[in-house]
Amino acid sequence: MIENTVMLLIIVPILFSLLFVALPKSLYKYLAWAFFIIGVALSVNLVLDGTGVVQIGEPNFAMFENIVLILEVLIILFILAVSAKYKNWPTLGLGIVSAALFAYTFTNVPGVEGASLNIDQFSQIMILIVNIVGTAIILFATGYMDEYEEHRHLNRQKIFYFTMSFFLGAMNGLVMADTLGWLFLFWELTTLCSFVLISYNMDEEGINNGFRALALNLVGGIALSIGIILLATKYEISTLSGIGTYAGTDAAAMATVALPVALLCIGGFAKSAQMPFQSWLLGAMVAPTPVSALLHSSTMVNAGVFLVVKLVPAFAGSSLGTAIAVYGSFTFVMCSALALSQRNAKRVLAYSTIANLGLIIASAGIGTPLAVAAAIMLILFHAISKALLFLCTGEIEHTIGSRDIEDMSGLINKAPLLTTLAALGMVSMLLPPFGVLLTKWVSMEAASSNPVVIVFLVLGSALTTVYYAKWLGTILSSSMDKNAVPHKKPETYFPLSFLGLAIVVTSIFVFSIYNYFIKPQVEILLKTAPVISGQAGQFTSEIGAFAYAAIFVVLALAVLIYLATKNMFTPRTSSYYMCGENNLEKDRLMFRNGLCSYEKSSVSNIYLQNTFGESKLTTLGYAISIILIVIALAGGVGL
Amino acid sequence: MNTNDILLAVLVLIGAPIIGCIASGIDRKITARLQGRVGPPLLQPYYDVKKLLSKDNMVVNPTQNFYVIVYLVFIVLSLLMLVFKQDFLMIIFVYTVASLALIVGGMSTGSPYARVGSSREIMAILSYEPVLILYALAIYLLTGTFKLTAVLDASSPMLMYTPLIFIAMIVVLNIKLKKSPFDYSTSHHGHQELVKGMTTEYGGPGFATIEIAHFYEYVFLTGLIFLFWASNPIIGVLLGIIAYLLIIVIDNITARVYWQWMLKLSWSVLLIISIVNIAFLYVSGVQLA
């Protein structure tokens, strides 16, 4: 029964979060395995239950509504208390504004008779992401956190697992809620969870970055609640699907709701860390790696793009839609350029996340059926690949003690399986036949009617290739030393391998996924389905074809040829060629210099700090992105 | 897939390396003459490959040959997709796989020379990839589809509407063929700071694979130029040949520049003229008849 599954999806994570608090540390491993298995089972069950709307009416509704009210009050009180405690005045100010808005909503906005949860195909995809990728990350954490805490002399794992599990519950609620008031509650809950997790280390940096995340997300939350208030008082819309029904695909109706819709989108931009809000997600990487993985792939940032995509019927084809498309593609190119200049692997991934979310928002803004399909697929593929990459980075850090890309050279000799998985993750982000590139291809084809957007996408795409290629080449480069010995725990390597497998499987079955989930969802949103057919292993649209099957075959062929010829032609290994002046027994990378002493050669990648460095681009990015948001808002009020 | 298609595919698989090999031989002959030498026989590249295949498979890293095989098969795939008039954007992505495989192959050896060459080649990607995709966009704007069918069936040449992109593509050809002044990732001349760049640690059969892939790549790249005048295949082929000869001449009369210089040239001049061309196509809304 769908009602039961829906309730379980919210209750089970909360139950697990309480279990993590109640049970001792030694049992966490088994709890995490159980959570993973139950998460997979529940989310698959929801998909099998099919789509539908779960109505919550009297008498249960009154009880639920009271819980919602109490929770909202508690959230606001917590924010006020914690920001007062740490004397963080901007956050306190934003908390007070939120409280005022809440009071206004409570007194002035007419109450609703019932609430509804809307399970459509998009929600199903999100539930799958949250409960499979999310629980896999928690499983990884059980093999990761002990060592992490040991290095930092911390003992806060109870809070950690409690918040992580609770986060998944809140996220489940968020992607299923249709009533805007409830959506807002879950929205604020995820903000709060991310604050707790980011400031996990409880050092100055952690707390500052936590507050930055809290403050910027409160700004988004304020925009969201103003939007909700406007919708409720002026248009009597209280559900997310109601906005789509009201606006339809009718230009006049779209224009009337444009302002609240734009405000909701700004809430989404803040949550998805789009420029100018990007600093909170960059700051979030001070937290343990599983937190980054959770925030970047399966939860938090996905909530923002989820909302924006859900709002597509309210801006598709309008000037607001165009403004959103330009804004998203601008973030894409800007953050790709910023990623190019970074040496810190986690920062590269953070910028890559923001850039890809920008691409999702750009696709949603374009608003054609093809583009919206691309947006939803990108959310799915990006979540899997990015979770894998973050977890791999965490594991690499534990293996070699650094997250600097330059230190990772020779990793293939030190930890072959880990490197292969990381390489798979990177390849899946930028090369065919994998899902992320397929969606990038779809969005490029869809964007080709908008000159500004397409030029941004072209530049961003080239930059993406470059920053991943550098990293990929570095980890795959061989070195002659084999010092680090990886410690293989099943809790860490199972999630990694599982995610790697998921990338391959979803990419092979991309058309089935499209047919089952994406196509009906686009029909719901835009009332027309994209003209895509999937014969003969091709993804064929009206303007092009993506022959993914052929590429898989050729890739397999390459592997076969390699294996077949590996032992032919008398294979021999030798040392580097160093112009005849090398080959000391101890280190083969030594040169002899003019003074007849030896010097080690070192080569590093090119980072173009002077062109694409943060100090050069960030201010420009802020300025242009703020201008673009103002344009979107101005378009909203019909200027 | 009918018999004709299979025959065509086989013809491309066999014919392309022969053409590429002769083109490479012509290159060496012309270069020698320009330098006042007699030069090797026309089929010297073939003899080279034959000899390389007879040597031992000497490697630094056992997996390094995997990447050159990926390079070869993806070059062949992109050429086949071009011949079978597939989606042009897709062809570019497939071609990117090939280019990246060679770069990663170079880096995988861990040799400092190879890593220098690979780093520079990554910068080359940054220079030419936007131009290539804008070329694809121009095809879309002119025909309403990314599939090459429309370009090849058109009765008027594309060059009339895309002269600026054509100029940019000539430079891209120069970068992709790794000819002077852009020969900084790997070079036929034994320059000291680079040795043999990306391919330093490749020898024997592995290097032969790279050479064969280059033969296919020559055909593929001139094929991209051919598209500019595909309405008349003879002129199209001539255009490709002229572009190739031009690159050889440029190779011989210029000296190597810094990669930074190329990046500046590309992101200022090449991108701007391409975007101007694209803007013209948007504004005028011309269609290829």
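P276(A) lies in a loop of chain A, between α11 (251-271) and α12 (279-283). Helices (H or I, at least four residues) and strands (E, at least two) are DSSP runs, numbered from the N terminus. This is a predicted model: local features need pLDDT of at least 70, side-chain atom pairs count only at pLDDT 80 or more, and totals for chains, interfaces and linings use all residues. Residues are numbered from 1 along each chain as its sequence is written, while chains are lettered from A and ligands numbered from 1 in the order in which they are written.

**Backbone geometry**

- Most residues other than glycine have a negative phi, and most peptide bonds are trans.
- M275(A) and P276(A) are joined by a cis peptide bond, with omega about 0 degrees.
- P432(A) and P433(A) are also joined by a cis peptide bond, with omega about 5 degrees. P433(A) sits in the loop between α19 (416-430) and α20 of chain A.
- M202(A) is not glycine, yet has a positive phi near 60 degrees. Its loop runs between α8 (180-198) and α9 (204-235) of chain A.
- K527(A), also not glycine, has a positive phi near 65 degrees. K527(A) belongs to the loop between α23 (510-526) and β3 (539-541) of chain A.

**Burial**

- A residue is buried if 20 or more other C-beta atoms lie within 10 Å of its own, exposed if 12 or fewer, and partly exposed in between; C-beta atoms are placed from the backbone.
- M202(A) counts as exposed because it has 12 C-beta neighbours inside 10 Å.
- K527(A) has 13 other C-beta atoms within 10 Å, so it is partly exposed.
- K310(A) is buried because 26 other C-beta atoms lie within 10 Å. Its helix is α14 (residues 301-310) of chain A.
- K310(A) and Q521(A) are 211 residues apart in sequence, but 9.8 Å apart in space, C-alpha to C-alpha.

**Chain A against chain B**

- In chain A, 54 residues are in contact (C-beta atoms, placed from the backbone, within 7 Å) with 58 residues of chain B.
- At least two residues each on this side of chain A come from α20 (435-447), α21 (451-476), β4 (544-546), α24 (548-565) and β5 (571-573).
- α21(A) gives the largest share, 16 residues.
- By class, this side has 35 nonpolar (Ala, Val, Leu, Ile, Met, Phe, Trp, Tyr, Cys and Pro), 16 polar (the others, Gly among them) and three charged residues (Asp, Glu, Lys and Arg).

**Strand pairing across the chains**

- β5(A) and strand β1 (residues 57-59) of chain B run parallel, joined by three bridges. Two strands pair if DSSP finds at least two bridges between them.
- P571(A) has N57(B) as its bridge partner in β1(B).

How values were computed
Contact = placed C-beta atoms within 7 Å.
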